[in-house]
Amino acid sequence: MPKSTLTPSDAPGKKETKSVAPKRSLTPRRRAREYALQGVYQSLVVRRAGSLPNSAAIAKQLAEDPAFKRCQLDLFEGIFQGVVERSDELEAIITPALDRPINELSPVEHAALLIGAYELAADLSVPYKVAINEAVELAKTFGGTDGHKYVNGVLDLLAQSLRSAEVTAG
């Protein structure tokens, strides 16, 4: 939570402090993952409500955001479509590493885990440490207080089975 700004009249004898928001690195790749998380989140919420998500409509709605043009489009499309198309397979990969039923995860943690699992399982061009770190950063940015720790632990377990040679090599 940002600190409130104090003015000299509010606190005599005290220096003025500025509100400090955490600085985020929004590279085109990070931005693409953030939009993918938002799309996967929407898809999960619609699915949990008992409807079928329309991934084309979700992607179109996300693309209407003016900042969307600054994301790496091919990465967004690859992650978003890959997760949506393979969500059942990805959930089957994730479930053994969970300590609770998958439907009890917050939608943000669930979406971050799906994205991390997708990159670990399907995109070998992304180093496993990067896949884990990016999913953890998504959970930190959009999730609850300690959700990123849970995402980190689960994806670390998945990396050991999905990328064992890479993990062993360091």
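Helix H1 (residues 28–48) packs against helix H3 (residues 73–85) at an angle of about 25 degrees, and their axes lie 8 Å apart. Here axes are lines fitted to C-alpha atoms, for helices over the stretch in contact, and angles run from 0 to 180 degrees between N-to-C directions. H1 and H3 are therefore roughly parallel to each other, a term for angles under 35 degrees, while over 145 counts as roughly antiparallel, 65 to 115 as roughly perpendicular and the rest as oblique. The contact is made by Arg29, Ala32, Arg33, Tyr35, Ala36, Gly39, Val40 and Ser43 of H1 together with Leu75, Phe76, Ile79, Phe80, Val83 and Val84 of H3, where contact means heavy atoms within 4.5 Å.

This is a predicted model, in which local features need pLDDT of at least 70 and side-chain atom pairs count only at pLDDT 80 or more, whereas totals for chains, interfaces and linings use all residues. Residues are numbered from 1 along each chain as its sequence is written, and side-chain values use heavy atoms, with hydrogens and water left out.

The protein holds 8 helices and 0 strands; helices (H or I, at least four residues) and strands (E, at least two) are DSSP runs, numbered from the N terminus. Of its 170 residues, 38% are buried, meaning under 20% relative accessible area with a 1.4 Å probe and protein chains only, where exposed is over 50% and partly exposed lies in between. Among contacts between residues at least 6 apart in sequence, 68% join residues at least 24 apart.

H1 also packs against helix H6 (residues 128–142), and there Arg30, Arg33, Glu34, Leu37 and Gln38 in H1 meet Asn133, Glu134, Glu137, Leu138, Thr141 and Phe142 in H6. The two pairs are set out below.

Leaving aside residues up to four places away in sequence, histidine 148 touches Val136, Ala139 and Lys140.
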